[in-house]
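Dear colleague,

I am passing on to you the structure we spoke about, and below it you will find a short account of what was found. Please read the account with the model open beside you.

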Amino acid sequence: MTSPTPFTGLLAYPITPLGPDGLPDLGTLTRLVQDAVRAGVDGVTVLASSGAGTSFSSEERAAVVGAAVRAAREAGPGPSGRQVPVHVAVAAPSTTEVLRNATAAQAGGADGLVLTPFAYVPLVDAEVVALFEAVAAETDLPVCFYNRPAQSGFDVTPEVLTHLARTARLRGLKDPAGRTDVGVRLDAVRAAVAGEPFAVGLSGDLAMTEGAFTTLPPSDAWHTGVAALVPDEYVVMRRAHLDRRPLDAVVERSWLLALVRELGRLRPVAGLHALAGLLDVPTGPPRGPVLATPPAQTEGLRAVLARRPAAAPAMPGPAAPGPADTDTDTGTGVAK
């Protein structure tokens, strides 16, 4: 394992709940963050892809960050006995926007930044390095590299990660768990960043859940959107993975596997909002152009939720008003 950093452990990525007026529902977000912290997650990241961060204005982002930071503080210490860190995803198409998001996140009390570099054309190493170094020059916060090669057209190398760890306070990597030869990849990153404070993490709920007790290599962190909605089960699975408990001894893992397989049949982000509604988490659908999941496509989720392990508490609050019951088309993947 590499050195512990704020990007270590089970890191939950909540949706940004929306009220009937289409604005962020800060009360529901507060409950999501506090439930996750009290269940035992090690960190929370807001406004990433699962939180549809690029769809919000600067004022809305500031309100979301402030609510999440306050919620985590009020929820009390995490598994480590310390306050659970709140990270903010700051991706945007231009360096100017990234810097605006990053400085605002620091002003709002964030403990770290999560950044995936993207532009309308795939970036090259020098451009990515310049972006991260610009962020480091404007803020004092540690940064996690959110590597999304399938979406961004850029796959960060161990050499670039090492350079940024030394020059730009890069303290973590969020890498796809489903990539080919993921174990070889993690070993190469660890070897490259040896001696630096750095957490090598994975993302991708389906790949992590499928491989949790079989092929998934050890990592410093799991980054997951699903854990923000069903944190109790995810905490159990993560701890069992770390303890190398027998596969058939972890009921929560079997249930989570069924859940994320159903989510994989739905559109990213919209599927998480549909799941939230079925869990009685009040929210509207994501902002357009993303469309809500039609009710006919949620039957699989309903069936899995009916088999939820009995120990998992239901989130208080009224049932969602049905925004997940309008039209959209299907797709694949689970947002993180």
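**Arg-61 and its surroundings**

The side chain of Arg-61 reaches to 2.8 Å from the backbone oxygen of Ala-89, in what is, please keep in mind, a predicted model. Arg-61 has its place in helix α2, and although Arg-61 is buried, it has no salt bridge, the nearest side chain of opposite charge being that of Glu-60, 8.9 Å away. Once the neighbours within four places in sequence are left aside, the residues in contact with Arg-61 are Leu-47, Gly-53, Phe-56, Val-88, Ala-89, Val-90 and Asn-101.

**The nonpolar cores**

In the largest nonpolar core there are 93 residues, and those with the most contacts inside it include Leu-115, Phe-132 and Tyr-234. Helix α2, which spans residues 58-75, gives the most to this core, with 8 residues.

**The chain as a whole**

The chain has 12 helices and 8 strands. Its radius of gyration is 18 Å, close to the 20 Å that the globule rule gives for 336 residues, so the chain is as compact as a globular protein of that length. Buried residues make up 56% of the 336 residues, and of the contacts with a separation of 6 or more, 77% are between residues 24 or more positions apart.

With best wishes

Notes
Residues are numbered from 1 along each chain as its sequence is written. This is a predicted model: local features need pLDDT of at least 70, side-chain atom pairs count only at pLDDT 80 or more; totals for chains, interfaces and linings use all residues. Side-chain values use heavy atoms; hydrogens and water are left out. A nonpolar core is a set of buried Ala, Val, Leu, Ile, Met, Phe, Trp, Tyr and Cys residues joined through side-chain atoms within 4.5 Å. Buried means under 20% relative accessible area, exposed over 50%, partly exposed in between (1.4 Å probe, protein chains only). Helices (H or I, at least four residues) and strands (E, at least two) are DSSP runs, numbered from the N terminus. Lys and Arg count as positive and Asp and Glu as negative; His and the chain ends are not counted. A salt bridge is a side-chain nitrogen of Lys or Arg within 4 Å of a carboxyl oxygen of Asp or Glu. A polar contact is a pair of N or O atoms within 3.5 Å; within protein, one must be able to donate a hydrogen and the other to accept it, and residues adjacent in sequence count only if both atoms are side-chain atoms. Contact means heavy atoms within 4.5 Å. The radius of gyration is taken over C-alpha atoms; the globule rule is 2.2 Å times the number of residues to the power 0.38.
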